[in-house]
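Welcome! Take a look at the structure below, and then we can walk through its chains, cores and charged pairs together.

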Amino acid sequence: MKNKRSFYLTLNRLRVLSQITTILFLIAVPLLNIVGVHWILGTLYSISFGKLDIADPAIVAQTILLTWNLYIPLLIAALIPILIAFICGRVFCSWICPHNTISEWITAFQKRFMTKRWRQYQKKSKNVGIRVYFGILATLLLVTALFKTPLVSYLSPPGVISSQISQLIRGSGIGLELAIVLLIFIAEFFLFQRYWCKLLCPVGAMLGAFHWKGKLRVQFQAAECKCGKRPSPCQMACPLQLEPKKKNLYPACFNCGLCAKACENTGHKAIQLTF
Amino acid sequence: MFIASMIIKVNPEKADDLLESLKIFENITTYGLHKDDNIIVVVEAESIEDVEKLSKRLLTEFNEIKGVFPTYVTSDDADGMK
Amino acid sequence: MALTRREFLKNSAASAAAAAIGVSLFANQSVFASETVWHKSVCRYCGVGCGVMLGVEGGKPVAVKGDTKNTINKGLLCVKGFYLHKVITGKDRLLKPLIRKNDKLVEASWDEAMELVAAKFKESIEANGPDSVAFYGSGQAETEETYVANKLFKGHIGTNNMEGNPRLCMASAVGGYLTTFGADEPVGSYDDLDHAEMFFLIGSNTAESHPVLYDRLVARKKANPSTKIVAIDPRKTPTNKIIDLHLQVKPGYDLAVMHAIAKVLIEEGYTDEKFISDSVNFSNGKEPITYEEYKTFLKKFTPEYASEQAGIPAEDIVKAAKLFGQTSRVVSMWTMGVNQRIAGVWLNNLIHNLHLLTGKLGKPGSDSLSLTGQPNACGGVREGGGLCHLLPAHRKVAKEAHRQQIADIWNVPVTNIQPKPGKHTMAMFDAISKGEIKNLYVMCTNPAHSLPNLNKYLQGMKDCFMVVAESFHPTETSKIADVVLPAAFWGEKEGVYGCTERRSQYMPKALKPQGEARWDADILIDLAKRLGHGKNFEHFKSAEDIWNEYLKCTKGKDMDLTGAPYSRLKEVRGLRWPVPSVDHPGTTHRFVEGDPLFPKDKAEGRRMYFYGKPDGKAVIFARPDKGPAEPVDAEYPIAMMTGRVLEHFHTSTMTGQVPQLVRAVPKPYVEVHPDDAKKIGLTDRGMAKVITRRGELELMVKLSDRPLPGNVFLPWHWPEKLSNLLTNDVFDPGSKEPEYKVCACKVEKA
Amino acid sequence: MIQSLTSIFSKITKSKTYLRPPGAVPEDEFISRCIKCSKCAQVCSYNSIKILHLNAGKDFGTPVIEAKDIPCYLCMECPRICPSGALDNALVDKEKVRMGLAVIDESKCLPFLGVICRSCYDECPIHRVAIVLEDELLPRIDAETCTGCGICESVCPAEEIAITIKPLSQLADKRK
């Protein structure tokens with residue numbers, strides 16, 4: 001029984017482990033490259049293991065819009081992320097994306113040292129409408145296509161962070177683009193909580209598009225919910241300020257499972273992350 | 001490549017304006033106004049003919065120029081190479 | 001503030017215009033404060049002897065340009081010479097004397113430094129005799145400087161332990177000239193280059209090591225397209241661009257080829273029999289032999305045999321020989337590829353053999369011309385007698401008459417000069433390692449970088465009391481010295497350089513020495529005074545005084561320079577000795593009519609009379625063929641060659657001061673053939689480890705088809721990767737010149 | 001402050017022409033195609049390829065080569081790993097690379113001033129072909145075979161670098 005109860009705790013530990021591993025990995029890749037290991041290359045825009053290329057679908061979409069051309073190898077490279085997103089949703093965001101990792105650390109900091117403020121934020125949780133969510137992505141892509149500007153590249157925090165790490169290690173220093181990411185962090189810290197990840201990020205939105213009505217989801221069974229608190233622990237636990245108990249949770253939710261873990265902590269099973 | 005120096009005699013009142021206008025020519029370097037009405041310039045040109053053409057052009061195009069007096073011509077590859 | 005040439009011309013043009021209206025244009029701009037003053041001088045680098053003009057503005061060197069009136073280079077310079085002015089003010093210029101205290105070099109006053117040097121030398125001479133001190137000079141020092149050192153060490157201190165780095169570079173050529181012709185230095189001159197119909201290059205990368213001469217070959221070939229150029233070289237070099245036939249021999253196996261060429265010349269009837277009977281003797285190195293015996297000796301050396309030895313097609317050897325025989329005017333040129341070999345003297349002899357057999361010598365367009373690597377190896381050390389067995393003006397310490405003549409000029413008792421030759425360079429550094437020589441004075445050279453098999457000698461140099469007079473610090477040698485003296489550099493002192501073609505040229509002092517630097521001769525005179533020999537050096541008030549005393553030594557010798565006092569040298573672009581009088585134009589060809597020393601009475605109708613030999617006959621040598629001292633074997637399967645690049649000179653103490661040259665060739669490398677690289681697993685610009693029996697180096701790989709498979713090539717310029725940790729220190733028993741050019745190595749992926 | 005802002009702004013708006021890695025498709029298409037993944041820079045053993053920062057303007061994230069500092073040594077590793085087709089994956093022969101064209105400024109080039117210098121000629125990877133020596137002295141570029149790798153630019157010992165690479169994009173109209 002004990003084991004069963006700690007399932008989401010374990011899952012979350014694995015998730016944090018994956019996040020830290022990702023950051024270490026992003027540091028290790030350029031270091032390996034420098035010492036002559038070249039079978040592993042890339043950043044979170046696109047990464048390759050030997051001959052296997054994996055590319056961010058948002059970037060692929062951008063490239064298609066910019067070039068009006070389907071470059072098959074690039075499409076194939078986007079398949080794995082699409083497949084994962086189709087089955088598991090935006091787990092890239094919750095398990096890998098370094099931007100989210102850092103945001104979570106900032107949130108943890110707020111939760112610990114700025115408790116009041118954090119509770120204020122969290123009480124204002126709100127789910128995002130599908131139309132708004134994809135509307136923003138569509139607008140971004142439209143601007144990309146119309147102005148022939150690689151907007152997604154600028155606005156991909158995981159890509160920017162990872163390529164900055166690579167360049168810093170290769171001795172080219174850091175650039176202004178890191179300011180975009182910093183700006184997002186600062187804005188989120190002072191103005192609004194986590195709107196980037198749950199609403200604006202084109203990388204997440206593109207993955208969300210493939211999940212939308214997909215397999216792995218947070219399931220709420222009202223019958224099991226006993227806590228009655230308001231705001232409920234699951235809502236307080238959500239890093240994206242979503243309300244897990246309400247509909248419209250998707251596509252903004254990135255399946256981190258923290259709500260399920262919070263629910264589990266209360267001794268109930270009202271919220272489950274299952275297929 | 002030929003390098004020639006010339007003295008341009010000018011109307012003293014228009015001298016400053018002319019000095020500015022001469023800066024537009026890429027192959028002319030000006031060395032300032034001297035003794036009221038002398039502008040010293042150095043012209044770089046592919047051939048002597050080009051130097052000549054340029055002096056004529058200066059005379060016809062600028063009313064404020066009273067005269068162009070070549071003083072010295074040398075060739076960039078006069079020694080060393082040959 | 002160096003102007004570009006274009007800017008300079010523009011400024012001169014503008015100044016001319018300004019002068020026309022009575023205005024001084026650049027009066028208040030300090031960089032243009034005065035017109036550039038151009039001083040006629042000689043290039044500081046290789047032995048070609050190019051005339052340069054040093055531009056000085058406000059006491060600072062601003063530019064160097066080629067001297068258009070100098071017939072050697074006609075205004076042309078190589079990239080090194082072009083940047084000479086930047087070397088003067090280079091970043092490593094040594095400005096104050098340094099003394100080692102507590103194992104650290106610290107700044108000291110001149111007086112303190114010189115007192116220490118004098119005390120140490122005195123102490124050692126008194127305790128262990130004069131042979132416990134030694135002098136190691138340079139083919140880059142002025143004749144005057146070497147002369148003063150010679151006078152001090154051989155004449156006053158009384159040791160013949162006086163050597164110079166030409167031992168490492170020209171000694172074999174000296175040996176070759178002396179044994180074959182009886183007199184050192186070339187028969188002809190550069191003038192022959194403009195008349196030759198064939199050039200025979202052996203072991204010389206002319207395009208990179210003597211670029212201005214290369215340009216003369218190019219010009220000759222352009223003027224006369226039928227001019228043929230044949231090269232014997234184990235490596236394809238940039239010189240290959242203009243050659244017609246390349247005999248790419250295995251490194252160290254070219255003696256047989258030379259014999260085979262001689263054999264073909266005789267068999268095909270290209271010999272000049274009259275010349276041979278008039279002016280040639282034959283010898284096997286020990287005793288005279290006859291022409292017939294020589295022919296018998298050659299029997300073994302068929303083109304096929306030579307082809308097998310050297311790894312080149314036999315028909316190419318025949319082709320080369322036929323070209324040599326058919327063309328009427330041939331100039332052979334060689335340099336370190338021939339000299340820095342265990343059989344260096346022999347190979348020199350074999351080159352002369354070809355010219356003697358065919359009589360292609362002593363007439364315009366025909367010469368056997370050894371190219372020198374240093375600007376004053378000929379002038380200062382070979383002629384000035386800066387080696388352990390020599391005295392000034394081609395004299396030998398072993399000859400009593402010679403000692404007497406020099407002792408008279410030096411104003412010392414003849415007993416001061418020891419009759420026994422001192423220790424040659426390799427023996428000297430060996431003695432230093434063994435502690436037999438306790439004090440060493442190094443002038444203008446960098447033995448801790450340039451000696452072969454360095455590991456063996458470095459400790460000894462550290463242990464002995466070493467004084468280094470250098471313009472730059474740190475060099476590998478000054479780093480381990482006990483006293484480092486800042487020496488005036490080129491342009492900061494006046495003096496004479498003598499180049500390859502027996503031409504002595506004057507260099508003016510155009511600048512004040514940087515910092516506290518002093519002229520080397522001045523330092524040596526100071527030392528002489530402090531050692532108590534001041535009396536015979538007091539009259540040296542200027543370089544001219546020293547030169548004039550030196551001229552007395554040359555009077556009546558084969559290298560008579562009496563007609564070349566400063567007053568005349570300052571006017572002309574050098575004079576080629578013998579110049580017995582001030583109205584003599586100098587000599588383009590020796591041993592023939594026109595040479596002031598040509599003895600018409602003795603010659604009796606002979607075209608050439610080699611007056612260095614008792615019967616006036618040069619010698620054709622039947623030398624055995626000999627491979628390298630360290631042939632490749634199963635363990636060390638690759639032959640390692642060393643050499644130079646165009647942009648750098650020797651130990652790069654000078655070229656390393658010029659950022660532009662460093663940029664062009666920034667770091668050490670090893671040239672590997674792609675086939676070898678594939679076998680070993682090396683990639684272009686990757687790292688490789690080159691290992692010999694003496695040491696190992698990690699170097700950047702440059703894939704290149706220049707060396708043959710099985711050979712690698714290392715330029716030796718860089719202090720951070722000393723190729724001389726790998727080279728072999730075996731030396732030619734005749735010339736005592738080490739075999740830098742070839743040893744066995746293995747190459748591994750690093 | 002204002003000055004630095006305007007300089008940044010001018011950098012962002014100004015479209016500079018860059019030397020791109022070997023196999024780069026024409027500049028406009030290149031910028032559209034490049035997904036800024038940095039792989040070409042990472043695979044480059046010589047650190048020749050640098051990724052533009054946003055400071056450099058709108059082309060940020062794209063790879064460039066500053067031939068003056070570190071040129072391309074034509075190891076041909078980068079074209080084949082490009083995931084987006086911005087570099088031609090099929091390009092394997094270094095002889096076929098056309099990144100740009102070396103241009104000699106004869107007023108700065110040493111041999112044209114009477115100085116023997118062969119640094120660019122000696123180091124040219126398309127040896128004795130892409131740079132030839134007229135009269136064994138004056139370097140001339142063969143526009144047909146020059147790859148634009150920039151090795152010549154990186155070694156030029158002239159006071160001011162006399163041989164520079166004009167990127168392909170800049171040459172586009174000239175070559176037509």
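How far apart are the nearest C-alpha atoms of chain A and chain B? They are 37 Å apart, and the two chains do not touch. Keep in mind throughout that this is a predicted model.

## How the chains meet

Chain A and chain C do not touch either, although here the nearest C-alpha atoms are 11 Å apart. Four pairs of chains are in contact, and chains A and D share the most contacts among them.

## The B–C interface

Let's look at one of the pairs, where 22 residues of chain B are in contact with 21 residues of chain C. Together these chains bury about 1700 Å², with 64% of that area on carbon and sulfur atoms.

On the chain B side, strands S1 (2-10), S2 (28-34), S3 (38-45) and S4 (65-75) each supply at least two of the residues that touch chain C. S1(B) gives the most, with five residues. By type, this side of chain B divides into nine nonpolar, eight polar and five charged residues.

## Nonpolar cores

The largest nonpolar core has 106 residues, of which Leu193(C), Met333(C), Trp490(C) and Leu110(D) touch the most other members. Helix H8 (residues 211-223) of chain C contributes the largest share of this core, five residues. Apart from it lies another core of 64 residues, including Leu65(A), Leu137(A), Ala270(A) and Leu54(D).

## Salt bridges

Over all chains, the whole structure holds 61 salt bridges. In one of them, Asp558(C) and Arg590(C) meet with an N to O distance of 3.1 Å. Asp558(C) sits in the loop between helices H23 and H24 of chain C, while Arg590(C) is in the loop between strand S23 and helix H25, 32 residues apart. Both partners are buried.

In chain D, Arg20(D) and Glu27(D) form a salt bridge with their closest N and O atoms 2.8 Å apart, and both of these residues are buried. Why does Glu160(D) count as partly exposed? Because its relative accessible area is 41%, which falls between the 20% and 50% cut-offs. Glu160(D) pairs with Lys108(D) at 3.7 Å, and Lys108(D) is partly exposed at 28% relative accessibility.

How values were computed. Residues are numbered from 1 along each chain as its sequence is written. Chains are lettered from A and ligands numbered from 1 in the order in which they are written. This is a predicted model: local features need pLDDT of at least 70, side-chain atom pairs count only at pLDDT 80 or more; totals for chains, interfaces and linings use all residues. Side-chain values use heavy atoms; hydrogens and water are left out. Contact means heavy atoms within 4.5 Å. A nonpolar core is a set of buried Ala, Val, Leu, Ile, Met, Phe, Trp, Tyr and Cys residues joined through side-chain atoms within 4.5 Å. Buried means under 20% relative accessible area, exposed over 50%, partly exposed in between (1.4 Å probe, protein chains only). Helices (H or I, at least four residues) and strands (E, at least two) are DSSP runs, numbered from the N terminus. Buried area is the accessible area (1.4 Å probe) that two parts lose on being put together, summed over both. Ala, Val, Leu, Ile, Met, Phe, Trp, Tyr, Cys and Pro count as nonpolar, Asp, Glu, Lys and Arg as charged, and the others, Gly among them, as polar. A salt bridge is a side-chain nitrogen of Lys or Arg within 4 Å of a carboxyl oxygen of Asp or Glu.
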